[in-house]
Amino acid sequence: MFLRTRFYLLLLAIALVTGLGYAYAPLYTVGRALTLLLFMAVVADITMLWHKRAITADRKLSSRFSNGDDNPVTINVESSYPFPVRIKLIDELPFQFQCRDFHSLCSGAAHILSSSHPSSFSFSLHPTRRGVYAFGHVLVYASTRLGLVERRYRCAAPCEISVYPSFAKLHQYELLAACRNLQELGIKRVRRIGHNTDFEHIRDYLRGDDYRTVNWRATARLSRPMVNVYQDERSQQVFSIVDKGRVMQRAFEGMTLLDYAINASLALSYVAMRKEDRAGLITFADSVETFVAADRRSGHINKLMETLYAEQTDFGETDFFALSVAIGRHISKHSLLILYTNFTGLVSLQRQLPFLQQIARRHRLLVVFFEDVELQQFIATPAATKEEVCQHEVAEKFAAEKQLISATLRQHGILSLLTTPQELSIGVINRYLAIRNL
């Protein structure tokens, strides 16, 4: 049982009236009468609330959450009281969300509930780390219109939810890829008929078709112009290589660069498999810790998701030499390798460049690294003092060095992609679709 603020305000008012009774005697009698009435009201309030257990609540949420995305949660509350009650709702959220004010998260947490109209409260949770999240009870505080006391109900059994790498957007990729409409997400789909290697079918000539694709035998046999249609080369190996070292520890909007890379590698693997390529995975730090062979069979995307979910790191130093040795040992077929890493400067690139060149000799290598968003935001702000002018010059130097890193990689025959964390997935998929059409 919890006494509400209204009870204490009434008790304070009665105490003042009773105290004034020492100066004016009739007020003392009034104070005693009011005290009796308050006691009777409290007893009546308790009787109405505790004569039976009349409120139930349950929590509806998915069996797993998607990291970096909004995950819906719904709480359904029902009452069997014969009269309307005011309820206050609090969900015991996992500590990872650090939510101190549930009312701001769930705008309908305070509500009048009647037996004929059950209520539902919906909100979204945005996890930024992979792992297990423990939910507690749903606490429902009920009070009558008297509002003197309230009863607490513990509803909805505690549960644990696993937060996996971002899979919520995979359904969008699936639908849009099926409709051949990936550009709605910013993904440019390029199809160059007549310049790829795999024959698909023969169709009638249409105005604008390349005359080099004309099939003269079919044209002579059918007495109308026919052309060959070619499709993208299929069944190439696409490996996502994730650096789990210190350089990937930096956070942006609550998520580390490592988690952004994990989400992007899962999305790319999904799109690659939809394009009938085979997707694989490599993670490394001071040694190669995970190797998943490239495949596109049913269930392989779930295997990749489970592997990425279990990835842990202490953000130590990375060993690119060990990576090049492992790639030479495990990947014999010419493949597309997409390396997610980061470089603090040109010096850090030069230390790793010989190993990247060694990898690029046998495979097509795309190095993906990150633009410093906070640095760009600082450069965009006007400089008011001489000190700020100097700071802007240093910041612009660091930003230009990122572009120099990209140019250096290109000079050595290595593809590169400089992108912001929030645009990583779209940028990588764009480059993948462009590369496979070269």
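Trainee: Which residue is the bridge partner of tyrosine 133 in β11?

Mentor: This is a predicted model, so we read pairings from predicted coordinates. Strand β8 covers residues 131-135 and pairs with β11 in the antiparallel sense over five bridges. In β11, tyrosine 133 has as its bridge partner isoleucine 161.

Trainee: In which sense do β3 and β11 run?

Mentor: Strands of a sheet pair through backbone hydrogen bonds, in one of two senses. Arginine 64 is bridged to serine 162 in β11. Three bridges join β3 (residues 64-66) to β11 (residues 159-164), and these strands run parallel.

Trainee: Which strands stand at the edges of the sheet of six strands?

Mentor: The sheet is open, with mixed pairing and the order β18-β17-β14-β19-β20-β21. Each edge strand has a single partner, so one side is left without a neighbour in the sheet. The edges are β18 (288-295) and β21 (415-419).

Trainee: What is the bridge partner of valine 368 in β21?

Mentor: Strand β20 spans residues 364-370. Five bridges join β20 to β21, and the two run parallel. For valine 368, the partner in β21 is leucine 417.

Trainee: What angle does helix α9 make with β20?

Mentor: Helix α9 (residues 346-360) packs on the sheet. It touches β19 and β20. Its direction and that of β20 make about 140 degrees.

Trainee: And at what angle does helix α6 run to β14?

Mentor: Helix α6 covers residues 257-274. It lies across β14, β17, β18, β19 and β20. To β14 it runs at about 175 degrees.

Methods: Residues are numbered from 1 along each chain as its sequence is written. This is a predicted model: local features need pLDDT of at least 70, side-chain atom pairs count only at pLDDT 80 or more; totals for chains, interfaces and linings use all residues. Side-chain values use heavy atoms; hydrogens and water are left out. Two strands pair if DSSP finds at least two bridges between them. Helices (H or I, at least four residues) and strands (E, at least two) are DSSP runs, numbered from the N terminus. Contact means heavy atoms within 4.5 Å. Axes are lines fitted to C-alpha atoms, for helices over the stretch in contact, and angles run from 0 to 180 degrees between N-to-C directions.
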